[in-house]
Amino acid sequence: MAEPMSIEEMRRALETLPMWELEEAGTAIRRDLKFASFAKAFAFMSEIAITADKMDHHPEWSNVYNRVSVRLTTHDAGGLTRKDIALAQAIDGAAA
């Protein structure tokens, strides 16, 4: 099982993820993305779904037309872990 990150580890990790916001409880990070169309948003989600499956770590997310909201946490660890940071980095790369 992955270990939850310390507050200091979270702060350092989030310095490299400026588009992400730490939830108040400190157990998850969030990002909202906007795309040119529904098709582009869906293509992004499809790409991340494949990546997440390979990582065996899956996002909580929703899609409305050209917007995708993503929340990352590691449920079995009870908080934010390096798995979440790695997936956030993959999401940022795909969204760029």
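This is a predicted model: local features need pLDDT of at least 70, side-chain atom pairs count only at pLDDT 80 or more; totals for chains, interfaces and linings use all residues.
## The sheet

Four strands, in the order E1-E2-E4-E3, make up an open sheet whose pairing is antiparallel. The edges of this sheet are strand E1 (21–22) and strand E3, each of which pairs on one side only.

Strands E2 and E4 pair in the antiparallel sense over 6 bridges. Across this pairing, Ile29 has Leu72 in E4 as its bridge partner, while Asp32 stands opposite Ser69 in E4. Strands E3 and E4, which also run antiparallel, are joined by 5 bridges; here Trp61 stands opposite Val70 in E4, and Asn63 stands opposite Val68 in E4.

## Turns and loops

The hairpin of E3 and E4 has 2 residues between the strands, and in this hairpin Tyr65 takes a positive phi near 50°. Tyr65 is a residue other than glycine with a positive phi value, and its place is in the loop between E3 and E4. Tyr65 counts as exposed because its relative accessible area is 51%, when the cut-off for exposed residues is over 50%.

A positive phi, of about 55°, is also found at Asp56, although Asp56 is not a glycine. Asp56 lies in the loop between H2 and E3, and with a relative accessible area of 55% this residue is exposed.

In soluble globular proteins, nonpolar side chains tend to be buried together. In this model the largest nonpolar core has 22 residues, of which Trp20, Ile29, Phe44, Leu72 and Ile91 touch the most other members. The elements giving two or more residues to this core are helix H1 (7–15), strand E2 (29–34), helix H2 (38–55), strand E4 (67–72) and helix H3 (82–95). Helix H2 provides the largest share of the core, namely 5 residues.

Which residues does Phe44 touch, not counting residues up to four places away in sequence? They are Leu33, Phe35, Val68, Ile91, Ala94 and Ala95. Ile91, one of these contacts of Phe44, is also among the core residues that touch the most other members.

## A nonpolar patch on the surface

Nonpolar side chains are also found on the surface, where Phe38, Phe42, Val64 and Tyr65 form a patch with about 440 Å² of accessible area together. Val64 is placed in strand E3 (residues 60–64) and, at 59% relative accessibility, counts as exposed. Tyr65, the hairpin residue with the positive phi, is likewise a member of this patch.

## Salt bridges

Side chains of opposite charge can pair when their charged atoms come close. The structure holds 6 salt bridges, including one between the side chains of Arg12 and Glu8, with a distance of 3.6 Å from N to O. Both of these residues lie in helix H1, 4 residues apart, which is about one turn of the helix. Arg12 is partly exposed, with a relative accessible area of 47%, and Glu8 is partly exposed as well, with a relative accessible area of 42%.

Another of the salt bridges joins the side chains of Glu23 and Arg30, at 2.7 Å from N to O. Glu23 counts as buried at 16% relative accessibility, whereas Arg30, with a relative accessible area of 39%, is partly exposed. Glu23 and Arg30 belong, together with Glu60 and Arg71, to a network of linked salt bridges.

## From strand E2 to helix H3

Arg31 forms a salt bridge with Asp92, with the closest N and O atoms 2.5 Å apart. This pair links distant parts of the chain, since Arg31 is in strand E2 and Asp92 is in helix H3, 61 residues apart. Are Arg31 and Asp92 buried or exposed? Arg31 counts as buried at 11% relative accessibility, and Asp92 is buried with a relative accessible area of 18%.

Lys34, which is also found in strand E2, is exposed, with a relative accessible area of 57%. Leaving aside neighbours within four places in sequence, Lys34 is in contact with Asn66 and Arg67. Between Lys34 and Asp92 there are 12 Å in space, C-alpha to C-alpha, and the two are 58 residues apart in sequence.

Terms used. Residues are numbered from 1 along each chain as its sequence is written. Side-chain values use heavy atoms; hydrogens and water are left out. Patches are made of residues with over 30% relative accessible area and no salt bridge: like charges are joined within 9 Å, nonpolar side chains (Val, Leu, Ile, Met, Phe, Trp, Tyr) within 5 Å. Accessible areas come from the Shrake-Rupley method with a 1.4 Å probe; for residues, only the protein chains shown count as cover. A salt bridge is a side-chain nitrogen of Lys or Arg within 4 Å of a carboxyl oxygen of Asp or Glu. Buried means under 20% relative accessible area, exposed over 50%, partly exposed in between (1.4 Å probe, protein chains only). A nonpolar core is a set of buried Ala, Val, Leu, Ile, Met, Phe, Trp, Tyr and Cys residues joined through side-chain atoms within 4.5 Å. Contact means heavy atoms within 4.5 Å. Two strands pair if DSSP finds at least two bridges between them.
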